[in-house]
Amino acid sequence: MFLSQLRRQVLEANLELVRRGLVLYTFGNASGISRKESLVVIKPSGVPYEEMKPEHLVITDLDGKIVEGKLKPSSDLPTHLVLYKAFPEIGGVSHTHSEYATAWAQARQPIPCFGTTHADYFHGPVPVTETMTQTEITSKYEENTGYVISRLFAQSDYMAVPAVLVANHGAFAWGPDPATATHNAVVLEAVARMAYFTLSINHEAESIGRHLHDKHYLRKHGSAAYYGQPKDKI
Ligand SMILES: [Zn+2]
């Protein structure tokens, strides 16, 4: 079987979405890319998670042509492909309709950074896309979903804010590998939930100050990061 290790990683990233309560039935999908081979491994369409095996996953090229796999890929494959082409540093994408993140997407509101949990993962608010036009919806809808996301990040660092809300739809998260993409989707849901409660308690709550936001983000990311253990010690 081709790309067996990546298949296992992508399967695990999909199952983690279920374990964390981010998906209902067959909603949601995670994928991973081998940059060396320019091949994407993605969840098949409509297969129940509890029956999913590595061999059910589908391998395609960056044009969506199936390279290995008997099943149809997730219908959101074109969105994933646009993201892999637009964001060259990412290695995994995770998509969910998780409840709180989707509530923000439906309200078409970015998630403000109210605290350090958010600041640890997202260096700024989690943005929301523009609504899609009728043409974008009627033709190549899934591909155009990728373009509304990539347009939003044209002027900002997609690795510093590794998630987005698609207006009236749901969330996409990404990372250097499939496990991190799913991890970011899980944290996004927690952050969306906390932000909702924060505003319920005080509808005039203010975003975290820049100093505390930078402190938390930069102690985990970038050249001056010091959080956790050095890689060579573990
Ligand atoms: Zn969706």
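Where do R210 and D214 lie, and how many residues apart are they? Both are found in helix α8 (residues 210–220), 4 residues apart, which is about one turn of the helix. Helices here are DSSP runs of H or I with at least four residues, strands are runs of E with at least two, and both are numbered from the N terminus.

Before going further, please note that this is a predicted model, in which local features need pLDDT of at least 70 and side-chain atom pairs count only at pLDDT 80 or more, while totals for chains, interfaces and linings use all residues. Residues are numbered from 1 along each chain as its sequence is written, and side-chain values use heavy atoms, with hydrogens and water left out.

**Salt bridges**

Keep R210 and D214 selected, and look at their side chains, which meet in a salt bridge at 2.8 Å, N to O; the term stands for a side-chain nitrogen of Lys or Arg within 4 Å of a carboxyl oxygen of Asp or Glu. By this rule there are 7 salt bridges.

Next, select R7 and E68, whose closest N and O atoms are 2.6 Å apart in another salt bridge. Because R7 lies in helix α1 and E68 in strand β4 (residues 66–68), this pair ties together parts that are 61 residues apart in sequence. R7 is buried, at 1% relative accessibility, whereas E68 is partly exposed at 25%; buried means under 20% relative accessible area, exposed over 50%, and partly exposed in between, with a 1.4 Å probe and protein chains only.

Then select E12, E16, R19 and R20, which are linked in a network of salt bridges. Within that group, R20 pairs with E16, the closest N and O atoms being 2.7 Å apart, and R20 is exposed, with a relative accessible area of 52%.

**The zinc ion**

Now select the zinc ion together with H95, H97 and H169, which are its protein donors through their NE2 atoms and lie 2.1 Å from it. Donors are N, O and S atoms within 2.8 Å of the metal (3.2 Å for Na, K and Ca), and since water is not among the atoms, sites may look incomplete. H95 in strand β5 (residues 92–96) and H169 in the loop between β6 (163–166) and β7 (170–175) are 74 residues apart, so the pair links distant parts of the chain. Both count as buried, H95 at 1% relative accessibility and H169 at 15%.

**Strands β6 and β7**

Stay with these two strands, which run antiparallel and are joined by 4 bridges, where pairing requires that DSSP finds at least two bridges between two strands. A163 has A173 in β7 as its bridge partner, and in the hairpin, with 3 residues between the strands, N168 takes a positive phi near 60°. Both faces of β6 are covered, as A163 and L165 on one side and V164 and V166 on the other are all buried.

Select N184 in helix α7 (residues 178–201), which is buried at 6% relative accessible area and touches, among others, Y121, F122 and A173; contact means heavy atoms within 4.5 Å.

Finally, select helix α2 (residues 77–86), where 7 of the 10 residues are buried, so the helix is largely enclosed by the rest of the structure. Its buried residues, including L77, H80 and Y84, pack against several elements, among them β1, β5 and β7.

How values were computed. Lists of a residue's contacts leave out its neighbours within four places in sequence.
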